[in-house]
Amino acid sequence: MVVRKVGSRIDPALIRLTGGGRLSSVAPFPAMLLTHIGAKSGVTRTSTVVYFTDADRVIVIASNFGAPHRPAWYYNVKAHPEVTLSGRGFGGSFHAEELVGPERDRLFQLATGASSPYDHYQRTARKPVPVIAFHPSR
């Protein structure tokens, strides 16, 4: 998929240059930069992800464009939940939490209602697509 291969290389610069995601390869969906530490390598990495907000939380669906495996950043964030986010109107240190049960289902439903491909991704997945909430670090 072109967006996955090309977007991951150009989006970090586009997001930084346009003040937090005014322009990216996933437009019209809002994109942000997620800086995380590799689960095995310990290397700092930056990924571009689509997000939405819910109160003071930033919500990300870990769908990997519908691929059968989770995105690499998902495993990194599970191992090292302290991350840095940079998006339109927010940035700084955040703590990641994988949501389960009714809260996961509610937020996943919100994401599918936004003309997104998430509903299709869930229908083709063997397991529920993870929903990650990022809380501002205090």
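Mentor: The side chains of D54 and R57 make a polar contact at 2.5 Å. A polar contact here is a pair of N or O atoms within 3.5 Å; within protein, one must be able to donate a hydrogen and the other to accept it, and residues adjacent in sequence count only if both atoms are side-chain atoms. This is a predicted model, in which local features need pLDDT of at least 70 and side-chain atom pairs count only at pLDDT 80 or more, while totals for chains, interfaces and linings use all residues. Residues are numbered from 1 along each chain as its sequence is written, and side-chain values use heavy atoms, with hydrogens and water left out.

D54 belongs to strand β3, residues 52-54. Strands (E, at least two residues) and helices (H or I, at least four) are DSSP runs numbered from the N terminus. D54 counts as buried because its relative accessibility is 15%; buried means under 20% relative accessible area, exposed over 50%, and partly exposed in between, with a 1.4 Å probe and protein chains only. Leaving aside residues up to four places away in sequence, D54 touches I59, E103, R106 and L107, where contact means heavy atoms within 4.5 Å.

β3 and β4 form a hairpin with two residues between them. In the turn, A55 has a positive phi of about 60°. The two strands pair in the antiparallel sense over three bridges; strands pair if DSSP finds at least two bridges between them. F52 stands opposite I59 in β4. β4 also pairs in the antiparallel sense with β7 (residues 131-136), over four bridges, and there V58 stands opposite F134.

In a regular strand the side chains alternate between the two faces of the sheet. From β4, R57, I59 and I61 point one way, and V58 and V60 point the other way. Five of the five residues of β4 are buried, so the strand is largely enclosed by the rest of the structure.

N64 counts as buried because its relative accessibility is 13%. Its C-alpha atom is separated by 9.3 Å from that of V129, 65 residues apart along the chain.

Of the contacts with a separation of 6 or more, 60% are between residues 24 or more positions apart.
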